[in-house]
Amino acid sequence: MRSIWSAIILLPSLLAGVGAQGDSWKSKVKVQRNGFYAQDVVDKLEETTMSNVEAYMNKKIAAGKNNGCTLEKAGVRREWGDMTDEQRSDFINATLCLMKAPSKAPKDQFPGAKNRYDDFVAYHMTNAGTLHDTVGLFPAHKYFLLAYETALRNECGYKGYHPYMNYDRYTKDPKNSALFNGNMTSMGGNGAPDSKYAGVRTGSGLIKSGGGGGCVTEGPFKDYVANLGPGSAMMDNVPKNPMAGGGGSNPRCMRRDINVNAALGATADRAYNLITKSKDINTFYNTLLTPPQNSSDPYNWGIHTSGHYIAGGDPGGDPMCSPGDPIFYFHHAMLDRLWWIWQMQDPDTRVNAVVTLGGGGGSNRKIDLKWLIPDVVPVLEAHDGLGGQKGAFCHVYV
């Protein structure tokens, strides 16, 4: 199968670092684009926002509050389709390495955790409440993603930073995309057709099946075994775990339903409206999770739900065990990207904006990922992607 990277066009103006006024950031951040994809409205907004990012970074540097983070040193997170085959292979190999590395999770709680990859599933499964409450959803997942990325880099030799999935690129033919086409530089293919799988019932209606639902049989992860869970299975015939809570050994194939119907709920125009029309963090949070009801919109699932079910199944579609499918991290990298672009529209006001719609300790919360990574992080440090937690958070999205 011909690689989509063969259609790449590296835009010279983006790589050369010489541009119009306000484009000086391009000399500091290496950008590579796949000419197969036109930039959508969020891509363009992100690019124009980079002048805000640079100004904010310069202000932090002048105040001595950047903790060593600069645009030149920042990790660059890219869309999977913009990465070269070599970069993708490096990421895939590191993921497979993590799936073979020894587990560090407590054996008395998680005897079913067979490898380091399972450790992240175990944490998410048993800490879903604090990861998903109003205060924790954005910063706790930001730290969770950083911990996973750090494990890939430090424990398995990955040289890059975690990719994201731009949902809009999967609204036409996701099964043949570079992410899901099933070749050896993809993240695996669709699940085998399962006529009994009708789709996923959500609060906004049924996301109809995309034609999969069975075991993944193509690509680098066709032999991957999910060990933990289920926690809250969204498919029929998922075997029960021998332990209450899902920590026992429950080996099974990874099932997927690559679903264009879900992707259509997370189009670029929806993401653009989320960013530009949300004047405060509470509105951003509410719109991301539960958009206003619209009976004329057949895909009004909300961007958060839509992103999860672009590759729903087991364990990926299980709200508790969703990190069991590596696509989980691509989805949450994209959510982090949207939050970051929203923050950077007005960083002085928005970086420390905390959702106030519920409990959870507010800005005094601390995030403890236990066996995943040693540092316990104050929640506001995880709000700051450009120098937070002594510079541990230092990333840009392009």
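Is Lys 104 buried, partly exposed or exposed?

1. The structure under review is a predicted model. A search of the whole structure finds 24 salt bridges.

2. Arg 337 and Asp 43 form a salt bridge through their side chains, with an N to O distance of 2.9 Å. Arg 337 belongs to helix α11 (residues 327-344) and Asp 43 to helix α2 (residues 41-62), so this pair ties together parts that lie 294 residues apart in sequence. Arg 337 has a relative accessibility of 0% and therefore counts as buried. Asp 43 also counts as buried, because its relative accessibility is 6%.

3. A salt bridge also joins Arg 77 to Asp 336, where the closest N and O atoms are 3.7 Å apart. Arg 77 is part of strand β1 (residues 75-77), whereas Asp 336 is in helix α11, so the two residues tie together parts that are 259 residues apart in sequence. With a relative accessible area of 2%, Arg 77 is buried. Asp 336, at 4% relative accessibility, counts as buried.

4. Two packed helices are described by the angle between their axes and the distance between the axes. For helix α4 (residues 116-126) and helix α6 (residues 137-156), the axes come within 11 Å and cross at roughly 170°. Angles over 145 degrees count as roughly antiparallel, which means that α4 is roughly antiparallel to α6.

5. Which residues of α4 and α6 meet? From α4 come Arg 116, Tyr 117, Phe 120, Tyr 123 and His 124; from α6 come His 141, Phe 144, Ala 147, Tyr 148, Ala 151 and Glu 155. Sorted by class, this contact has seven nonpolar, two polar and two charged residues.

6. Glu 155, one of the α6 residues in that contact, also meets Lys 104 in a salt bridge between side chains, at 3.8 Å from N to O. Glu 155 lies in helix α6 and Lys 104 in the loop between α3 (85-98) and α4, so the pair ties together parts that are 51 residues apart in sequence. Glu 155 counts as partly exposed, because its relative accessibility is 34%. The opening question can now be answered: Lys 104 is partly exposed, with a relative accessible area of 49%. Exposed would require over 50%.

7. Salt bridges may also be linked to one another. Asp 23, Lys 26, Arg 33 and Glu 47 are joined in a network of salt bridges.

Methods:
Residues numbered from 1 in each chain as written. Predicted model: local features only at pLDDT ≥ 70, side-chain atom pairs only at ≥ 80, totals over all residues. Heavy atoms only, no water. Axes fitted to C-alpha atoms, helices over the stretch in contact; angles between N-to-C directions. Helix = DSSP H or I, 4+ residues; strand = E, 2+ residues; numbered from the N terminus. Parallel < 35°, antiparallel > 145°, perpendicular 65-115°, else oblique. Contact = heavy atoms within 4.5 Å. Nonpolar A, V, L, I, M, F, W, Y, C, P; charged D, E, K, R; others polar. Salt bridge = Lys/Arg side-chain N within 4 Å of Asp/Glu carboxyl O. Buried < 20%, exposed > 50% of the residue type's maximum accessible area, 1.4 Å probe, protein only.
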